[in-house]
Amino acid sequence: RKFSSLFQYIQDHAATTSLPEIAARFHYSERQISRIVKMCTGMNYAHLITKLRMEKAALLLKQSSLTMDEIAAAVGYSGVSRAFEQYYSCSPGSYRKTNL
């Protein structure tokens, strides 16, 4: 598919990439990247990045013994608890306990 490499890159680098960096890497404007993301996913770039980061955090909570700080760093946050609670409506600790 035409944009599969773009979305693979976003998935692989959601923790560290930015819209300007992606635009430069794929030779599109930031506006074009935003439109492509919206057209293909139905969500804006920021929501897509949040979704990818939170899904990775949830996976790490289930499948690893990493600390919350280590998970936050792995998904690109300085602290994951607040964002995680907003996204999943429960704390990372509660999520880990109920998903072991």
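Glutamate 55 has a relative accessibility of 35% in this predicted model. Buried residues are those under 20% and exposed ones those over 50%, so glutamate 55 is classed as partly exposed. Lysine 51 has a relative accessible area of 27% and is therefore partly exposed as well. These two residues are joined by a salt bridge, in which the closest N and O atoms are 2.8 Å apart. The cut-off for such a pair is 4 Å. Both partners belong to helix α4, which covers residues 45–63. Lysine 51 and glutamate 55 are four residues apart there, or about one turn of the helix. A search of the whole structure gives one salt bridge.

The cysteines come next. The whole structure was also searched for disulfides, and zero were found. A disulfide is a covalent bond that links the sulfur atoms of two cysteines. Cysteine 40 has 28% relative accessibility and so counts as partly exposed. Cysteine 90, with a relative accessible area of 24%, is partly exposed too.

Helix α1 spans residues 4–12 and helix α2 spans residues 19–26. Their axes lie 11 Å apart, and the two helices pack at an angle of about 145 degrees. The crossing of α1 with α2 is right-handed. On the α1 side, the contact is formed by Ser5, Leu6, Tyr9 and Ile10. On the α2 side, Glu21, Ile22, Arg25 and Phe26 take part. By class, the residues of this contact are five nonpolar, one polar and two charged.

What is the angle at which the axes of α4 and helix α5 cross? The crossing angle is roughly 145 degrees, and the axes come within 9 Å. Helix α5 is made up of residues 68–75. The α4 and α5 helices cross in a right-handed sense. Arg53, Lys56, Ala57, Leu60 and Leu61 are the α4 residues in this contact. They meet Met68, Ile71, Ala74 and Val75 of α5. The residues of the contact of α4 with α5 comprise seven nonpolar and two charged, with no polar ones.

Note on methods: Residues numbered from 1 in each chain as written. Predicted model: local features only at pLDDT ≥ 70, side-chain atom pairs only at ≥ 80, totals over all residues. Heavy atoms only, no water. Salt bridge = Lys/Arg side-chain N within 4 Å of Asp/Glu carboxyl O. Buried < 20%, exposed > 50% of the residue type's maximum accessible area, 1.4 Å probe, protein only. Disulfide = S-S within 2.5 Å. Axes fitted to C-alpha atoms, helices over the stretch in contact; angles between N-to-C directions. Left-handed = near helix turned anticlockwise from the far one by under 90°. Contact = heavy atoms within 4.5 Å. Nonpolar A, V, L, I, M, F, W, Y, C, P; charged D, E, K, R; others polar.
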